[in-house]
Amino acid sequence: MNILLYNPDNEITNNFMPHLWMFLLKSLTPPGHNVFLIDGNALRLSRQELVEYVRENHIGLVGIGAMTRMIRKAYQMADAVRAAGVPVVMGGPHVTEVPDEPLGRDGEPRHADAVALGEADQTWPAIVADAERGTLKQIYAPLDADGKEVKPSLDDYPAIPWDRMDLDQFNLIKHFPKMARRLLSLFGMTWQSFHLLPIESGRGCPYGCEFCTVTGFFGDSIRFRSNESVVNELLMLKALEKRQKGKIAVFFIDDNFAINPRRTKSLLREIIARDAQVPWVAQISMNLLRDEELVSLIAQSGGRWIFMGLESIDPENLKSVSKGFNRPDEYKAILECLARHNLYAMTSFIFGMDSDRPGVAERTLEVIRSWPPGLPVFGLLTPYPATPLYDRLAATGRLTQPKHWLEFKPFTMDFTPLGITAAQAEAEVRQAWSSSYSPKTIASAIGWLASRSFADRLIHLLGRLAFRGIYFPQMKRREWARVLFQNRGPILRLLAQALELKFKPRPREPFSLDPQLPVERTA
Ligand code: B12
Ligand code: SF4
């Protein structure tokens, strides 16, 4: 049977990284089937185009996965596929939380023939077999003989054959303007491709923050792959990048990569010992980064950026969403410790919490300005279905859009905040993004990095321009031209430094994204 796995686009930004579930389920598909993958973020298809693709490729089953914010689009695409007579199975966090919705058991139209609840590693082969026989059930749940939910162990995690997958749609170099590519090649960056690929080394986070789906979905039982299997995957990617004459970086998508610091350190030591370093990014909660030995191993093993949910600078807010383990009084010291190890942070903030008052953006920005530069992101507190936050807001009658996902609008509030209006909270988010990614802030961040390597400055600049695009889409050539013009100061200064490095290469500063190579300081 021919199977299509499809992930809808989020209708706003381009994707920078493939979704792991598609590659994982492809690897777990029993032999004898052909699995096609389409990520709508990389290859945007209309409903009609998707149906044509399904017909042309004689697809017998379409699997669709989506987060809550993409679910409306997912349902529209599923409806079109089902109208063409091809069965649809849906999976992922949203449909797991509200399975009656895709199955039309809530009185609304049906969008899926079947739903895979929770982690589908073990149910997927049964789904495929039933679809082939034409006996799809409505619900597939990973249950044991007693009907209790089973979380798959990651002991026998499949080797994902990245080297045999078509990754061309995720080649980020293709998104660079031609002129930028030419400039980069002048400085020896002649990569044919640049991929950011997702790897999971473990699943689960027991912290149970009130707004988060993860503790409910993956359970608070934490599971890890063996060090060996993770390191083998990294080594395969290193070999692949060599063959592709390209560059590969990795996003460890574990919710809390250092949730068991002993195990994380042992993995990082093995990466170093087996020379498996690639530049990587991971999500780690702030409390676990107090450990400087861990920070040092992160840096030596290829770690470049750490994504951390700081959420708020107000301890009362943090307590109100069960995230009191974040301590705002230590944010600065930890970020400085990371910067000493040449590591930087993507810091995520949420506005609209119960203690937020007008002016929260400026108060937060003032604190951020005292830190080493990073990539801050700002969002509104969002009640995802089946989270304790959703239940609390529903119970107190504060939800203004109980099914906000069916009319999804980015950066809008779906409930009534306490100390600020919804419109004010939305304006605070706007202000935080505008200020954090203004040409002045970008110039000052690059200035802060004057004593760091050229590569660090270039990566920060590119990162800042790209992250700016999360809030201010800059897809069209004209929009890019405006952004580049507004930021011409740091861009021209970097260009001048690059020319100087190229033509007056003494003392030489090697251009490298590989952390194991020494990168000389220029000052
Ligand atoms: C990586 C990641 C991202 C990446 C992007 C996604 C990517 N390209 O991989 C980035 C960093 C960009 C991102 C952004 C966001 N993310 Co995110 N992200 C994740 C993360 C950490 C890992 C996803 C992953 O690969 N997991 C591992 C795979 C194996 O698990 P899985 O996807 O759940 O798939 C399994 C099952 O669900 C099932 N399955 C999934 N799909 C399908 C489909 C079929 C047909 C079948 C049969 C089975 C099936 O089988 C898989 C194997 O068991 C998850 C948390 C998590 N641990 O999952 C959050 C998560 C998915 N993100 C979340 C959120 C909220 C967001 C944001 C909205 C945050 C924000 N406020 O901006 C944005 C939105 C992004 C957008 N595109 O618009 C929430 C989603 C909650 C929800 N109900 O939708 C999660 C669960 C985290 C959380 N805190 O609750 N995210
Ligand atoms: S620490 Fe992160 S992954 Fe864990 S429950 Fe909190 S928000 Fe979710």
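Predicted model: local features only at pLDDT ≥ 70, side-chain atom pairs only at ≥ 80, totals over all residues.
Local features need pLDDT of at least 70 and side-chain atom pairs count only at pLDDT 80 or more, while totals for chains, interfaces and linings use all residues. Residues are numbered from 1 along each chain as its sequence is written, and chains are lettered from A and ligands numbered from 1 in the order in which they are written.

Start with the strands. Helices (H or I, at least four residues) and strands (E, at least two) are DSSP runs, numbered from the N terminus. Two strands pair if DSSP finds at least two bridges between them. Strands of a sheet pair through backbone hydrogen bonds, either parallel or antiparallel.

One open sheet has 6 strands in the order β2-β1-β3-β4-β5-β6, with parallel pairing. Its edge strands are β2 (34-39) and β6 (139-140), each of which pairs on one side only. Inside this sheet, β3 and β4 are joined in the parallel sense over 4 bridges. Ile64 stands opposite Met90 in β4. Gly65 has Gly91 of β4 as its bridge partner.

Strand β4 is covered on both faces. Val88 and Met90 are buried on one side, and Val89 and Gly91 are buried on the other. Here a residue is buried if 20 or more other C-beta atoms lie within 10 Å of its own, exposed if 12 or fewer, and partly exposed in between, with C-beta atoms placed from the backbone. In a regular strand the side chains alternate between the two faces of the sheet.

Helix α3 (residues 71-83) lies across β1 (2-7), β3 and β4, and runs at about 160° to β4. Axes are lines fitted to C-alpha atoms, for helices over the stretch in contact, and angles run from 0 to 180 degrees between N-to-C directions. Contact between two residues requires C-beta atoms, placed from the backbone, within 7 Å.

Now the other sheet. An open sheet of 6 strands runs in the order β7-β10-β11-β12-β13-β14, with parallel pairing. β7 (194-199) and β14 (375-380) stand at the edges with a single partner strand each, so one side of each has no neighbour in the sheet. From one strand to the next the twist averages 20°. Strand β13 (residues 344-351) pairs with β14 in the parallel sense over 6 bridges. Met346 stands opposite Leu375 in β14. Helix α15 (residues 422-436) packs on the sheet and touches β13 and β14. The direction of α15 makes about 165° with that of β14.

Next, the cores. A nonpolar core is a set of buried Ala, Val, Leu, Ile, Met, Phe, Trp, Tyr and Cys residues joined through C-beta atoms within 7 Å. The largest has 78 residues. Val250, Phe252, Ile284, Ile306, Leu338 and Phe351 have the most contacts inside it. Beyond its neighbours within four places in sequence, Val250 is in contact with Leu197, Ile199, Leu234, Leu237, Val278 and Trp280. Another core lies apart, with 43 residues, including Leu5, Leu37, Leu50 and Ile127.

Leu310 shows burial within a strand. It is found in β12 (residues 303-311). Leu310 counts as buried because it has 23 C-beta neighbours inside 10 Å. Not counting residues up to four places away in sequence, Leu310 touches Met286, Asn326, Tyr331, Thr347, Ser348 and Phe349.

Turn to the ligands. A residue is near a molecule if its C-beta atom, placed from the backbone, lies within 6 Å of it. Ligand 1 has 34 residues around it, of which Gly63, Gly65, Met67, Gly91 and Thr213 come nearest. At least two shell residues come from each of α1 (20-27), β3 (59-65), β4 (88-91), α4 (93-97) and α5 (124-133). The shell of ligand 1 divides into 18 nonpolar, 11 polar and 5 charged residues. In this count Ala, Val, Leu, Ile, Met, Phe, Trp, Tyr, Cys and Pro are nonpolar, Asp, Glu, Lys and Arg are charged, and the others, Gly among them, are polar. Around ligand 2 stand Cys205, Tyr207, Gly208, Cys209, Cys212, Val214, Thr215, Asp255, Asn256, Ser285 and Gly309. They divide into 5 nonpolar, 5 polar and 1 charged.

Asp275 has a positive phi of about 55° although it is not a glycine. It lies in the loop between α9 (261-273) and β11 (280-283). Asp275 is exposed, because 11 other C-beta atoms lie within 10 Å. Ala386, also not a glycine, has a positive phi of about 70°. Its loop runs between β14 and α14 (388-395).
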